[in-house]
Amino acid sequence: MAANNYRHALFCAIVTLIISFPILGFNLEAKGVNIELTGAKTSTIVAVILAAVAVFVFQAYRDSFMGLLGKLPKLNPLADKEPMEQSKRVKLESWVLTGIVVLALFWPFVVSRGSVDLATLVLIYIMLALGLNVVVGLAGLLDLGYVAFYAVGAYTFALLSQYTGISFWMALPIGALLAGLTGMILGFPVLRLRGDYLAIVTLGFGEIIRILLNNWTTLTGGPNGIGGIPEPTLFGMEFGRRIKEEGNTSFHETFGIAYSGEHKVIFLYLIALVLAVITALIIRRFMRMPVGRAWEALREDEIAARSLGLSRTAVKLSAFTIGAFFAGFAGTVFASKQGFISPESFVFLESAIILAIVVLGGMGSQLGVILAAIAVTILPELAREFSEYRMLIFGAAMVLMMVWRPQGLLPMRRIHITLNKQG
Amino acid sequence: MQDLLYFSQQLINGLTIGSAYALIAIGYTMVYGIIGMINFAHGEIYMIGAYTALIAITGLTALGLAWLPLILIVALLCAMIVSSSMGWAVERVAYRPVRGRHRLIPLISAIGMSIFLQNYVHLAQGSRNIGFPALIEGGFNFSADGAFEMSLSYMQITIFVTTLVCMTALSLFISRSRTGRACRAVSQDLGMASLLGIDTNRIISATFIIGASLAAVAGLLLGMYYGSIDPLFGFIAGLKAFTAAVLGGIGSIPGAMLGGLILGVSESMTSGYLSGEYKDVVSFGLLILILLFKPTGLLGKPEVEKI
């Protein structure tokens with residue numbers, strides 16, 4: 001047994017060397033028309049060898065390591081505790097959520113402009129993740145083209161403002177409804193498909209939308225994108241230094257305060273906050289309504305749910321449409337925040353990031369998804385020197401989560417009743 | 001005559017690309033046939049194969065080796081070894097621990113792996129695309145009256161011949177060898193095969209290794225054919241190859257070959273007669289249509305869902 005262990009460990013170490021040494025150890029460099037091969041830094045090569053040694057040691061003493069790991073959960077003080085009582089937990093969760101919202105309300109007035117801008121982006125991701133959470137977490141439909149609906153919302157606002165001069169407040173419902181409609185039209189045929197096929201079809205659809213946006217130059221401006229998207233107004237008050245549209249007044253003149261660029265940023269942030277809270281509340285309601293229960297039932301066991309009389313298409317379609325609707329919501333806010341959009345912002349990677357947020361937070365759990373969205377957007381900003389490793393870490397985190405904790409960091413707990421233990 | 005030559009040119013181009021797609025598609029279809037999951041990271045393994053081949057070619061040329069067939073064979077072997085080790089490792093790390101869980105869990109794990117590998121190469125080799133030297137140059141030219149020349153390059157012939165050799169070898173392996181027989185048994189019924197004494201874990205590993213080595217072959221061939229590679233080029237190629245696998249009927253090896261050829265031809269016809277920008281739209285559209293109307297593909301067997 002021991003010899004076998006060592007042989008396996010040696011094999012694993014050699015494989016580690018094979019898969020890391022050629023790619024990490026040599027750098028291809030283009031010098032004019034020729035390509036040159038240069039050796040990597042000594043530190044990289046040392047790291048590769050150390051990795052191989054680490055794999056060898058781990059595999060050779062795998063059993064003892066696993067034994068140690070088995071003891072580790074005892075170090076976690078919460079592991080032995082009884083799970084919190086249902087009503088208490090729900091109360092705690094609402095308090096935490098309310099606390100976050102109250103904190104978020106005062107936040108922009110004490111921090112720098114850059115932080116508020118980042119926080120607006122976090123809120124957009126929260127909206128997206130909450131919407132995708134309905135589709136993936138609750139209804140169990142893996143949607144890899146979610147970013148397409150985000151793009152529909154953003155482009156609706158951009159195009160309408162360019163051609164008809166529509167304002168943000170008009171565009172918000174139109175963008176969301178159009179995105180929802182797109183979701184419905186796409187969802188109608190594809191929702192019959194089995195889970196993994198659905199994932200690939202939505203991925204293909206997302207790519208098709210992006211390619212169309214990129215190539216339909218006369219309408220969308222192609223890769224150059226669309227600029228000059230107006231900012232939101234507050235009851236006809238503009239936040240710019242000069243009024244752009246006739247009939248509007250400007251915010252700083254109305255209130256007799258000095259003009260400051262920060263007003264606009266804070267206002268956008270507050271709009272995003274309100275919309276994110278609305279999104280969370282509406283979805284929270286949906287989760288408790290019959291349709292929300294139907295989503296989960298269908299996710300858990302399709303055959304059983306259908307035999308109880310649930311219409312598969314209607315239930316799935318409602319989840320898909322609602323998810324798309326909120327993506328359109330977020331898209332409109334995004335277009336307004338950036339003032340400029342191009343197909344670059346709607347690549348598959350964006351879908352993958354949103355999916356990673358939902359997966360990390362715990363599929364179906366709202367609090368988990370919100371916290372994950374905050375973490376995933378802010379952490380790379382805090383550790384700028386590691387920002388190029390961001391996607392690498394995301395990928396690894398998705399794999400590790402699926403292997404060790406597929407229910408996510410803060411898993412959703414269903415409302416349930418337990419009988420008291422007898423005796 | 002002119003039109004016919006133009007058409008045959010598109011046909012040749014399409015068959016070239018298509019046969020390379022078929023090589024990648026084998027990896028998808030074999031894995032799906034055995035464990036029923038979409039190996040999303042397969043496109044990245046193909047990309048890593050192309051990178052390794054380029055590194056080997058550049059290194060060997062720098063060492064002063066000049067005999068082309070030797071360079072190509074050594075590069076091919078290096079690419080196959082690295083890719084198949086990668087395929088094996090990916091299965092061990094990301095797929096085996098989640099095998100048998102809910103369908104979405106392995107898929108999400110595979111997407112994570114795909115993102116990881118893409119960025120692994122991106123960080124190690126940079127994100128710019130790198131020129132792949134055209135080692136095999138020249139070809140035959142046919143012309144009717146000198147206006148339009150149809151060409152069949154040696155590179156295209158190499159792709160055809162290599163694909164043909166690989167496919168024949170694979171078919172023989174699957175139908176004749178002991179491991180191949182075990183592969184077929186496992187794809188029919190994993191539980192039963194394991195009861196009959198087949199080491200299913202080994203067979204699954206073998207499937208990943210075979211798929212990855214064929215992807216490495218495609219990586220070298222397509223890298224040379226396109227003339228440049230970058231860390232993202234595995235993603236789209238992987239999707240195309242998956243489309244090919246679904247088109248032919250996922251789980252069926254002859255289906256993957258047929259699907260690859262059909263996809264390649266329809267793609268080159270689109271770029272030849274419509275516009276090159278929309279060729280991806282056509283292949284994804286094709287994928288969506290097939291999944292909607294004939295999810296079992298052209299040569300696939302219908303899947304019965306048991307309760």
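1. Start with chain B, where the axes of helix H9 (residues 233-248) and helix H10 (residues 253-273) come within 7 Å and cross at roughly 120 degrees. Axes here are lines fitted to C-alpha atoms, for helices over the stretch in contact, with angles from 0 to 180 degrees between N-to-C directions. H9(B) and H10(B) are therefore oblique to each other (oblique is what remains after under 35 degrees, roughly parallel; over 145, roughly antiparallel; and 65 to 115, roughly perpendicular).

2. A word on the basis: this is a predicted model, with local features needing pLDDT of at least 70 and side-chain atom pairs counting only at pLDDT 80 or more, while totals for chains, interfaces and linings use all residues. Residues are numbered from 1 along each chain as its sequence is written, and chains are lettered from A and ligands numbered from 1 in the order in which they are written.

3. Which residues of H9(B) meet H10(B)? They include B:Lys240, B:Thr243 and B:Leu247, and among their partners in H10(B) are B:Met257, B:Ile262 and B:Leu263. Contact means C-beta atoms, placed from the backbone, within 7 Å.

4. Now the contact between the chains: chain A puts in 43 residues and chain B 51 residues. On the side of chain A that touches chain B, H8(A) gives the most, with twelve residues. By class, that side of chain A has 34 nonpolar, six polar and three charged residues.

5. Lastly, the domain assignment of chain A gives domain 1 (2-75) and domain 2 (97-404), with bounds from an automatic or database assignment. Their C-alpha centres lie 39 Å apart.

Terms used:
Contact = placed C-beta atoms within 7 Å. Helix = DSSP H or I, 4+ residues; strand = E, 2+ residues; numbered from the N terminus. Nonpolar A, V, L, I, M, F, W, Y, C, P; charged D, E, K, R; others polar.
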